[in-house]
Amino acid sequence: MASHKHIYLPTEILVEIAQCIRDAREDIDDSQTDSPFGDQATLHSFCLVSRQWYSAGIEILYSRPDLSKGSSFAQFTSTVCPPLRAKKPTLDFGSMVRFLWLAGLVHQSSNSLTSRLLGRVKKNLQVFVAPRTSFSYV
């Protein structure tokens, strides 16, 4: 039978790995896209490995949420701004957000939801790019 030995990595090393995953996109010349995000799917998977990896990576995952794909905006807002009657989350996910890029969104939310979202993330927010409000032509 194979022995299941667990390899322990210090949390500081895991944080460095998660930061490298987040920053990997910055090293790529991606003039085709307007969203400056790391690989969110890989960061999400990183957080699912174990409780230690979750605690090392969750702040990095939420620091620059990529809200440009599919239902990611709805999922993000329901996590950061749960309905008033919902159970309060144990973590303050909104305080983890440092960079909120909503420029790729058009008519994804109401003004009141955007306002609630900003209220939840304002504590540590460093960069905010507002959503597009209408279509235009040149």
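**Exercise 1. Describe how helix H2 and helix H3 are arranged, and which residues join them.**

Solution. Begin with the axes, which are lines fitted to C-alpha atoms over the stretch in contact, with angles from 0 to 180 degrees between N-to-C directions: those of helix H2 (residues 40-47) and helix H3 (residues 51-63) come within 8 Å and cross at roughly 150°. Because angles under 35 degrees count as roughly parallel, over 145 as roughly antiparallel, 65 to 115 as roughly perpendicular and the rest as oblique, H2 and H3 are roughly antiparallel to each other. Next, take the contact, meaning heavy atoms within 4.5 Å: H2 contributes Gln40, Leu43, His44, Phe46 and Cys47, while H3 contributes Trp53, Tyr54, Gly57, Ile58, Ile60 and Leu61. Finally, sort these residues, counting Ala, Val, Leu, Ile, Met, Phe, Trp, Tyr, Cys and Pro as nonpolar, Asp, Glu, Lys and Arg as charged, and the others, Gly among them, as polar; the result is eight nonpolar, three polar and no charged.

The model is predicted, with local features needing pLDDT of at least 70 and side-chain atom pairs counting only at pLDDT 80 or more, whereas totals for chains, interfaces and linings use all residues. Residues are numbered from 1 along each chain as its sequence is written, and side-chain values use heavy atoms, leaving out hydrogens and water.

**Exercise 2. Work out how H4 and H5 are oriented to each other, and what kinds of residue make their contact.**

Solution. Helix H4 (residues 72-80) packs against helix H5 (residues 111-121) at an angle of about 55°, and their axes lie 10 Å apart. H4 and H5 are therefore oblique to each other. The contact draws Phe73, Phe76, Thr77 and Val80 from H4, and Leu113, Leu117, Arg120 and Val121 from H5. Sorted by kind, the residues of this contact are six nonpolar, one polar and one charged.

**Exercise 3. Locate serine 95 and decide whether serine 95 is buried or exposed.**

Solution. Since buried means under 20% relative accessible area, exposed over 50% and partly exposed in between (1.4 Å probe, protein chains only), serine 95, at 15% relative accessibility, counts as buried. With neighbours within four places in sequence set aside, serine 95 is in contact with Arg120, Lys123 and Asn124, and Arg120 also belongs to the contact of H4 with H5.

How values were computed: Helices (H or I, at least four residues) and strands (E, at least two) are DSSP runs, numbered from the N terminus.
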